[in-house]
Amino acid sequence: MPVARLAFEGLSRRFDRLVVLDRVSGEVESGGLFAVRGPNGSGKSTLLRCLAGLLAPDRGRVVAEEDGRALANDERRRRVGLLAPDIAFYDELSVSENLELVARLRGLPPASGRAVAERLGLPAARPWRALSSGMRQRLRWAFAVLHRPRLLLLDEPFQNLDDDGERIARALLDEHLENGGLAVAASPVSLPLPRISGELRLDR
Amino acid sequence: MKRPLLWLLWGWMATVIVAAFHWAPLAEGFLGQSSRILFFHVPMAWVSFVAFMVAGVRSLAYLAGRRTERRDQAAAAAIEIGLLFALLATVTGAIWARIMWNSWWNWDPRQASIVVALLFYAAYLALRAAVADREARGRLCAAYATLGLVVAPFFYFVLPRLGFTLHPEAVINAQGKVEVEPRMLVVLLASSAGFTALFFWMHQLRTRLALREARLLEGSD
Amino acid sequence: MSSGWTAEAAAVFAKDWRAERRARHAVATLVLFAITTLVIASLALGPIGATPGERSDVASALLWILLLFAAAAGLPRVFVHEEESHTATVLRLAARPSAVFAGKLAWVASLLALLEAVATPLALALFDLPVASPGRLVLALGAGGAGLAAATTLLAAIVAQGRGATTLFAALAFPLLVPLAVLAVAATRAALGGGDAGDVLVQLFLYDSTIMVAGFLLFPVIWAP
């Protein structure tokens with residue numbers, strides 16, 4: 001039995017009269033990466049938000065399993081690791097304070113984010129407000145993997161990262177997949193990605 | 001509603017109107033014919049309450065069960081019609097107050113509480129207009145209408161009793177006794193039943209219309 | 001409720017206070033609003049009655065009008081800001097909804113308590129009011145403040161997801177807050193003047209618990225799909 005599985009069937013979502021997702025399906029299991037490709041505005045972010053449980057699809061369903069057990073919607077939202085361009089942290093709090101907050105909210109020891117933050121080369125004392133876009137993306141990575149999720153959802157994972165940042169992020173992704181996690185990664189350009197087990201092409 | 005039922009409803013309401021003016025006696029202590037407004041004023045207020053409760057129950061079902069467009073639209077339709085009846089109850093009440101108390105409006109606790117109820121549900125419509133996404137709108141509006149399930153009884157039954165009121169005792173008074181002339185009671189109950197049926201007929205029509213409107217809008221892209 | 005839940009709620013509460021200490025948006029705005037409104041009201045009204053009884057009637061109504069308007073002006077922010085700056089997503093992903101509600105409720109309640117602590121003595125001084133029963137006054141302010149906090153937290157979460165949140169908040173909050181205002185004014189007046197307000201306080205507690213229970217039940221569906 002796979003450690004984790006994520007499947008979605010016939011997902012549709014519209015905003016007002018604009019159909020953003022039209023009956024899309026896919027499946028990915030432990031150790032695999034599901035690639036979502038398509039131009040801007042093709043619904044990649046919407047799909048990932050639906051998978052994370054942040055957005056309810058109009059039609060279709062999402063099934064997330066860990067150790068053979070299906071996760072309820074509320075549970076799934078807290079279990080996944082989501083990295084998305086529109087995730088932001090508290091302006092007034094420093095990197096380490098923001099990560100401490102996340103750890104506390106997740107019921108983990110407050111210092112659990114320290115190791116990954118150091119690995120990502122994040123300036124611990126600098127507030128979110130004063131971070132460069134590359135550093136912000138690194139903090140999003142730390143947020144996504146801090147609680148060691150089985151299901152990692154990555155929306156434009158390497159955006160704004162420098163070579164060094166991308167190398168670290170790719171290492172984190174590799175480790176995640178090796179340890180039996182699964183990932184869904186969305187990108188407008190055809191990024192080289194490891195262990196692709198499935199792919200979905202979206203168009204406008 | 002089936003056609004024969006609809007004819008029955010029309011006949012019923014026509015009988016109620018005739019009975020209210022020609023068969024029911026006048027109540028003691030009321031000026032002129034003014035007590036006859038009771039047969040319309042009370043059922044209107046009652047129906048507005050029923051409508052808001054229907055909206056609350058449909059909204060609760062929406063949140064707790066399957067989130068269907070029908071439940072969302074049915075709740076909204078019930079609130080629209082409830083607002084209409086609450087407004088009519090307010091206006092008929094003001095007309096009666098003008099005759100009996102010689103002023104349209106004097107912030108009697110009953111007048112104050114129906115205004116609060118009107119504002120509470122008018123705000124529901126404002127909320128509906130302010131949320132563009134259908135899913136979020138359904139969810140937020142349903143939560144608000146469910147809150148109404150708890151606070152509307154407070155507006156209708158508790159708030160009016162906080163303070164001194166000149167409003168005639170409700171039909172069933174605090175002691176739980178019915179204190180009206182039997183013929184008046186018959187007309188009042190018949191009218192309430194008629195108005196309730198009228199509400200459910202209007203509600204069904206409005207819900208169907210709203211669902212078709214939504215479908216048309218969806219199909220046009 | 002597990003200790004984990006309490007810790008989550010406490011984390012939400014603590015982060016709001018920490019951010020507040022560094023940026024000082026809410027407290028400064030609310031307190032300034034309270035002070036200026038009281039001073040203007042006191043200046044404009046002049047002497048509002050010869051006896052303390054007459055004055056306390058006007059002053060208790062004025063105090064609660066002020067608190068309601070300060071709440072309407074300053075408190076929708078507690079969720080609007082989270083949505084606008086996209087930090088709400090972090091809370092949605094990391095915390096249990098009920099813990100978010102509890103943390104925010106505590107934060108709003110503490111803000112209101114602070115506001116009352118500033119506005120009440122000032123009102124007492126400006127209108128030259130004796131307090132017949134200080135204990136009852138604290139009770140009235142506490143119970144009124146708790147209801148105000150619960151209602152505004154719940155409604156702020158709703159309006160933060162719509163357009164024109166501040167105007168919408170006023171439309172939604174007014175009807176819900178009318179009963180609270182009526183009860184809180186009556187309780188405050190009785191505490192100042194020495195009348196009996198046992199019934200009113202009981203009704204106020206009933207209102208508070210109703211809105212809080214409704215809040216905890218409804219917040220999860222308001223907060224996330």
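Predicted model: local features only at pLDDT ≥ 70, side-chain atom pairs only at ≥ 80, totals over all residues.

**Stop 1: chain C by itself.** Hide everything else and colour chain C by secondary structure.

Now colour chain C by burial. Of its 225 residues, 53% are buried. As for how the chain folds back on itself, take the contacts in chain C with a separation of 6 or more: 83% of them are between residues 24 or more positions apart.

Stop 2: Bring chains A and B back. The largest nonpolar core has 202 residues. To find your way in, select the residues with the most contacts inside this core: A142(A), V184(A), A51(B), L127(B), I158(C), L172(C) and A187(C). Which helix gives the largest share of this core? That is α8 of chain C, residues 165-193, with 18 residues. Over in chain A, domain 1 (1-80 + 150-204) and domain 2 (85-148) both give residues to the core, so it lies between them.

Zoom in on A187(C). Setting aside neighbours within four places in sequence, A187(C) is in contact with A140(C), A143(C), G144(C), A197(C), V200(C), L201(C) and L204(C).

**Stop 3: where B meets C.** Here 22 residues of chain B are in contact with 20 residues of chain C. On the chain B side, select α4 (109-130) and α5 (134-158), which each supply at least two residues. α5(B) gives the most, with eleven residues. Colour this side by residue class and you get 19 nonpolar, one polar and two charged.

**Stop 4: where C meets A.** At this interface, 20 residues of chain C are in contact with 20 residues of chain A. On the chain C side, pick α1 (3-23) and α5 (87-94), each supplying at least two residues. The top contributor is α1(C), which gives nine residues. What is the make-up of this side by class? The side of chain C that touches chain A has ten nonpolar, five polar and five charged residues.

Notes
Residues numbered from 1 in each chain as written. Chains lettered and ligands numbered in written order. Contact = placed C-beta atoms within 7 Å. Helix = DSSP H or I, 4+ residues; strand = E, 2+ residues; numbered from the N terminus. Nonpolar A, V, L, I, M, F, W, Y, C, P; charged D, E, K, R; others polar. Buried ≥ 20, exposed ≤ 12 C-beta atoms within 10 Å, placed from the backbone. Core = buried A, V, L, I, M, F, W, Y, C linked by C-beta atoms within 7 Å. Domains from an automatic or database assignment.
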